[in-house]
Amino acid sequence: MTITDVAQHAGVSTAAVSKVLRNAYGVSAAMREKVRASMTALDYRPHAAARGMRGRTYTIGVLLDNIRNTFFADILDGVRDQLRDSDYTIMIGAAGFGARDQAKVIRSMVDRQMDGLILIAPGTPREEVLAVARDTPTVVIGHHDASDAHDSVADADAAGAALVVDHLVALGHRDIALVSSPGSRASHWKQTPEIELTRGYTQAMERHGLGDHVQICKAAYSDEGGRKAGLHLLSAARRPTAVMTGADVAALGVWRAAHDVGLRVPQDVSIAGYNNTAVADLATVQLTSVDQAGHDMGATAARLLIERVEGRRDRAVQATMTPRLVVRSSTTAPTAAPEQV
């Protein structure tokens, strides 16, 4: 089926069908309904390559480092729901943690003429992202670095970390450790989520007079990364009574490490995560976690991106989500009485 077949079936011109396909301004609701009815009746599907030659492919590329981080599923759900009633299709690139691999996927998306990109906490050097964003509408999720070249959606990560520290201190904990992503200095991003999280954790500990109790362990945000960090922290002579992580998936790895060394959660060690993913609320888990509204982040990113793609806005926007702490049974008062300050 071709655009001409659709036009003949609907009794309109091919130009009218083209306008409907492009969501062009000035098309009446009646015309749009008539043409879409004919497209459905004929099972017409626009050819992506041909549309790309005319200037738009109606595809959105989403970059993430791995598909095992369930928080990304929340973001993707938000992107999908925002674009559900549009002509845009999402293409996902799970590029791994390496900057070179991520850059390769970004370039592939650009080469395939995707209309816009949503980059979730990219490890790609900032200069390369800025270069891409100058030609392809781009939204960066996670990083707090502002730029006129791209839109940004981030969580107030420093405030989120402080919520966890305040909660644990109120329970009586003093030896509170943080498991945070190592990031990459070579990427030249100055305000990544892990940097903001570490800053918020450190400042909150110092505010409570616990600066000497700061423990930070760098590990990948994965189950295995969390497990390795947990084994390191929980086998140390100065074992923390509580561990907070920058991602729920890493918190579950710490939980596994606690089991490996014979510690009970939360009786022997309290564990808190970040992202408040679906797994945190499982009956057998009940993980205390910071909710940073992943679905809203994805929906906001998609909305901002389409505004840019369709030329409705040309100024950069930086949106910030407000975190909230969801307390569950993985955190409780330490077994031993806390040392007096």
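What share of the contacts in the protein with a separation of 6 or more is accounted for by residues 24 or more positions apart? In the predicted model described here, such residues account for 70% of these contacts, a contact being defined by heavy atoms within 4.5 Å. The model being predicted, local features need pLDDT of at least 70 and side-chain atom pairs count only at pLDDT 80 or more, whereas totals for chains, interfaces and linings use all residues. Residues are numbered from 1 along each chain as its sequence is written, and side-chain values use heavy atoms, with hydrogens and water left out.

The protein contains 12 helices and 12 strands; these are DSSP runs numbered from the N terminus, with helices (H or I) of at least four residues and strands (E) of at least two. Along the principal axes, the C-alpha atoms fill a box of roughly 80 × 40 × 30 Å. Of the 341 residues, 52% are buried, where buried denotes under 20% relative accessible area, exposed over 50%, and partly exposed the range in between (1.4 Å probe, protein chains only).

Helix packing was examined for H8 (residues 157-171) and H9 (residues 193-207), whose axes lie 7 Å apart at an angle of about 40°. Axes are lines fitted to C-alpha atoms, for helices over the stretch in contact, and angles run from 0 to 180 degrees between N-to-C directions. The angle makes H8 oblique to H9; in this scheme, angles under 35 degrees count as roughly parallel, over 145 as roughly antiparallel, 65 to 115 as roughly perpendicular and the rest as oblique. The crossing of H8 past H9 is right-handed, a term applied if the near helix is turned clockwise from the far one, and left-handed if anticlockwise, by less than a right angle. On the H8 side, the residues that meet H9 are Asp157, Ala158, Ala161, Ala162, Val165 and Asp166. Their counterparts in H9 include Pro193, Leu197, Tyr201, Ala204 and Met205.

The ring centres of Tyr58 and Tyr88 are 5.1 Å apart and their planes stand at 45°, so the pair is tilted. Because Tyr58 lies in the loop between helix H4 (48-53) and strand E1 (59-64), and Tyr88 in the loop between helix H5 (70-83) and strand E2 (89-94), the pair ties together parts that are 30 residues apart in sequence. Tyr58 and Tyr88 are both buried.

Thr241 occupies the loop between helix H10 (223-234) and strand E8 (242-245) and is partly exposed, with a relative accessible area of 23%. Beyond its neighbours within four places in sequence, Thr241 contacts His173, Arg174, Asp175, Asp268, Val269, Ser270 and Pro334. With His173, a polar contact of 2.7 Å is formed between the two side chains; the criterion is a pair of N or O atoms within 3.5 Å, of which, within protein, one must be able to donate a hydrogen and the other to accept it, and residues adjacent in sequence count only if both atoms are side-chain atoms. Thr241 and Leu178, 63 residues apart in sequence, are 12 Å apart in space, C-alpha to C-alpha.

Asp5, in helix H1 (residues 3-10), is partly exposed at a relative accessible area of 29%. The side chain of Asp5 reaches the backbone nitrogen of Thr2 at 2.9 Å.

Several backbone features were also identified. Asn275, in the loop between strand E9 (270-274) and strand E10 (288-291), has a positive phi near 120° although not a glycine. Asn275 is buried, with a relative accessible area of 5%. Ala121 belongs to the loop between strand E3 (116-120) and helix H7 (126-133) and is partly exposed at 28% relative accessibility. A cis peptide bond, with omega of about 5°, joins Val265 and Pro266; Pro266 is placed in the loop between helix H11 (248-260) and E9.

Notes:
Rings of Phe, Tyr and Trp (its six-membered ring) pair if their centres lie within 6.5 Å; planes under 30 degrees apart count as stacked, over 60 as edge-to-face and the rest as tilted.
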